[in-house]
Amino acid sequence: MLWLTLLLVLLWTPSALSGVVSTTVPIIPAGSSVATINAAIVAASTASDPYYRTVRLAAGTYTITTPIVMKANVTLQGDGEGRTVLLLGDAANVTVIQNVAADAPADIVVSNLTIDGNGTNQTSTVDGISFSSAVRPVARNVTFQNISRRGVFVEKSDYARVTGN
């Protein structure tokens with residue numbers, strides 16, 4: 001048994017590790033821009049491995065000035081309600097998270113975060129999440145606060161689920 005252990009130690013070199021693929025899903029740091037989040041969503045939507053189709057947002061606050069645009073087969077996951085906060089910027093007057101209806105996306109998931117609509121600092125009504133012409137969209141464990149219109153708006157979508165909100 002000792003000889004087998006020694007053989008494994010000799011064969012296990014740093015060069016043998018060079019082909020190892022990381023299994024860590026990148027985490028978007030707090031304070032990152034909407035452009036950074038949207039770029040991560042686009043990248044995740046083209047990932048061949050379903051594991052990499054999750055965009056994780058670290059705990060902290062993200063100021064939203066333009067919509068976060070979801071793509072098919074992507075999960076946007078925060079670090080927990082009250083821990084990851086999407087705060088709509090003053091006078092942004094936009095839906096915080098939406099999809100492009102013409103894309104007819106399937107399997108969009110938004111989970112484990114808080115959306116703060118900053119209602120007193122908007123000049124028009126806004127939605128927290130808008131799913132339009134989507135298939136199986138999910139909003140799970142999302143807290144909505146200071147939203148001037150609707151927390152989740154679903155239209156022309158099939159099998160939508162809103163749970164734990």
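Visitor: Which residue of E2 stands opposite Ile27?
Guide: Ile27 faces Arg56 in E2. The model is predicted.

Visitor: What makes strand E1 and strand E2 a pair?
Guide: Strand E1 (residues 27–28) and strand E2 (residues 54–57) share two bridges, in the parallel sense. Pairing needs at least two bridges, so they count as a pair.

Visitor: Why is the crossover from E1 to E2 called right-handed?
Guide: The chain passes from E1 through helix H3 (residues 34–45) to E2 as a right-handed β-α-β crossover. The term is used because, with the strands pointing away from the viewer, the path from the first strand over the helix to the second runs clockwise.

Visitor: How do you know that E2 pairs with strand E5?
Guide: Three bridges join E2 to strand E5 (residues 75–77), and they run parallel. The cut-off is at least two, so this is a pair. Here Arg56 stands opposite Gln77 in E5.

Visitor: What makes strand E4 and strand E11 edge strands?
Guide: The open sheet has four strands, in the order E4-E7-E9-E11, with parallel pairing. Strand E4 (68–70) and strand E11 (150–155) each have a single partner strand, so one side of each lacks a neighbour in the sheet. E4 is joined to E7 by three bridges, and Ile68 stands opposite Ile97 in E7.

Visitor: Why is Thr95 called buried?
Guide: Its relative accessible area is 15%. Buried means under 20%, so Thr95 qualifies. Thr95 lies in the loop between strand E6 (84–88) and strand E7 (97–99).

Visitor: What does Thr95 touch, not counting residues up to four places away in sequence?
Guide: Thr95 touches Pro67, Asp127, Gly128, Ile129 and Ser130, with that exclusion.

Technical notes
Residues are numbered from 1 along each chain as its sequence is written. This is a predicted model: local features need pLDDT of at least 70, side-chain atom pairs count only at pLDDT 80 or more; totals for chains, interfaces and linings use all residues. Side-chain values use heavy atoms; hydrogens and water are left out. Buried means under 20% relative accessible area, exposed over 50%, partly exposed in between (1.4 Å probe, protein chains only). Contact means heavy atoms within 4.5 Å.
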